[in-house]
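Hi there,

Here is the structure I promised to pass on to you. Have a look at it first, and then read my notes on what turned up.

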Amino acid sequence: MNSHSISLVQPFVDRKTIISVTKVLQSKQIVQGKKVEEFEQLLSKTLGSPFAIVVNSGTAALHAALLALEVGHGDEVITTSFSFIATVNAILMTGATPVCVDIDPLTFLIDVKQVKGAITKKTKAILTVDLYGQPCDYRELRNIARQHKLKIISDACQAIGASYFGKPLTKYADIVCLSLYATKNIMTGEGGVVLTNSIRIDKKIRRLRHHGQSPERRYAYFELGYNYRLTDIAAAIGIEQLPHLQAWTQKRNDHASLYTHLLANISGITLPMVKKDRTHVFHQYTIRVTKEAKLDRDELHSFLAERGVPTAVYYPTIMPNQPQVISAIPFKKEKFKLAIQASKEVLSLPIHPFLSKKDIHFIATQIKELL
Ligand SMILES: *Cc1c(COP(=O)(O)O)cnc(C)c1O
């Protein structure tokens, strides 16, 4: 057995973080203030985005982004069927209709051909999800968006720092949303970020974050807004995380390469595919356990757990098949064959940056023995 226990995720909190958070707690400014401002400047510089606005969750970032593009009642937003529920919930919160489409089985990402087929007169935007940390097919998506005058919002909650043709995703999407939830590649406990190249969108998101308050006059509200502010306590955590982003992403990629090397040629499992024109930040290393395998996905998950290897299923049910979504939009399972198959086969292995090579070897050996 392994000498220490392997965890699926491991949020990083060092002495510097504790000192910095303590200083905020001892100051008179614990809610949105100087630390939030400093964190936003650091995010903008590190991620190569002219504007970065922090909010208190990735879901808040998505909701505010849709509102900033004037998405609301009567509009349709095309999105994937295979993601965390927040993607579809953010659309529903605006009153618009989510139009979910099937995935590309090789990458688990939204299928561009399906996007084309789903466009109607009511379509306002495409909400792409860079699932597991891999960017979508943004060249093709950009072309479709241009032709049909649609906006693109990227749900990059799992893909902070990812790039496409060497460029940050803000080059392709009108708005990019990130999550800083405790298990994401960098975190502030709860938190989110909106990235954009547009000063108009930047201003709008800043108003939405604070009850729609006019920037000129306190306590004057001309539009409906929310309380989506982040605290200085959370920003202080983020400021200590961000300098590690590059090294941690490198570690995740190193782990992924080692897994791909060690798990090659096992009958019944399919390894993640990274397209050449983009960088994958490996928020998850997700394999498929197919019909040819000796065990099914759930059996492999349980037997690995018994051997001290935690794994997870992201996600066991596709979004359009959630009762809460069906109550708004009837579910037709023929439309989502590939996403449904993925939901039955996917299994994510531990990949956080604090695992050692030995851990990866240990995990790969357990999988080989079981299969
Ligand atoms: C984490 C996540 C979100 C939501 O982020 P929160 O910060 O938890 O609100 C949205 N979409 C995807 C794909 C995510 O992984």
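**What lines the second largest cavity**

Leu106, Thr107, Phe108, Leu131, Tyr132, Gln134, Pro272, Met273, His280, Gln284, Tyr285 and Thr286 line the second largest cavity. Please keep in mind that this is a predicted model. Sorted by class, that lining holds seven nonpolar and five polar residues, with no charged ones. The volume of this second largest cavity is about 70 Å³.

**The largest cavity**

How many cavities of 30 Å³ or more are there? The count is two. The largest one holds about 180 Å³ of space. Its lining is made of 21 residues, and those nearest the centre are Gln10, Thr183, Lys184, Arg252 and His352. Twelve residues of this lining are nonpolar, seven are polar and two are charged. If you wonder how such places are found: rolling a probe the size of a water molecule over the atoms shows where empty space is left.

**Around the ligand**

Now for the ligand. Which residues come nearest to the ligand? There are 15 residues around it, and Gly58, Thr59, Asp155, Ser179 and Lys184 come nearest.

- Gly58 has a polar backbone atom 2.8 Å from an oxygen atom of the ligand.
- Gln158 places a polar side-chain atom 2.8 Å from a ligand oxygen atom.
- Lys184 has a polar side-chain atom 3.0 Å from an oxygen atom of the ligand.

On its own, the ligand exposes 380 Å², and the protein buries 93% of that area. Two elements, α3 (58-68) and α4 (86-94), each give two or more residues to the shell around the ligand. By class, the shell contains five nonpolar, eight polar and two charged residues.

**A sheet of three strands**

Finally, there is an open sheet to trace. Three strands make it up, in the order β10-β11-β12, with antiparallel pairing. Which strands sit at the edges? They are β10 (269-270) and β12 (346-349), each of which pairs on one side only. β10 is joined by two bridges to β11 (residues 285-289), and these two strands run antiparallel. To see this pairing for yourself, look for Thr270, which stands opposite Arg288 in β11.

Enjoy exploring, and write back with any questions!

Best wishes

Technical notes: Residues are numbered from 1 along each chain as its sequence is written. This is a predicted model: local features need pLDDT of at least 70, side-chain atom pairs count only at pLDDT 80 or more; totals for chains, interfaces and linings use all residues. Side-chain values use heavy atoms; hydrogens and water are left out. On a 1 Å grid over the protein atoms alone, a cavity is a set of points where a 1.4 Å probe fits but cannot get out, and a pocket is an open set with protein on both sides within 12 Å along at least five of seven lines; lining residues have an atom within 4 Å of a point. Grid points are joined across faces, edges and corners, and a volume is the space filled by probe spheres set on the points. Ala, Val, Leu, Ile, Met, Phe, Trp, Tyr, Cys and Pro count as nonpolar, Asp, Glu, Lys and Arg as charged, and the others, Gly among them, as polar. A residue is near a molecule or strand if one of its heavy atoms lies within 4 Å of it. A polar contact is a pair of N or O atoms within 3.5 Å; within protein, one must be able to donate a hydrogen and the other to accept it, and residues adjacent in sequence count only if both atoms are side-chain atoms. Accessible areas come from the Shrake-Rupley method with a 1.4 Å probe; for residues, only the protein chains shown count as cover. Helices (H or I, at least four residues) and strands (E, at least two) are DSSP runs, numbered from the N terminus. Two strands pair if DSSP finds at least two bridges between them.
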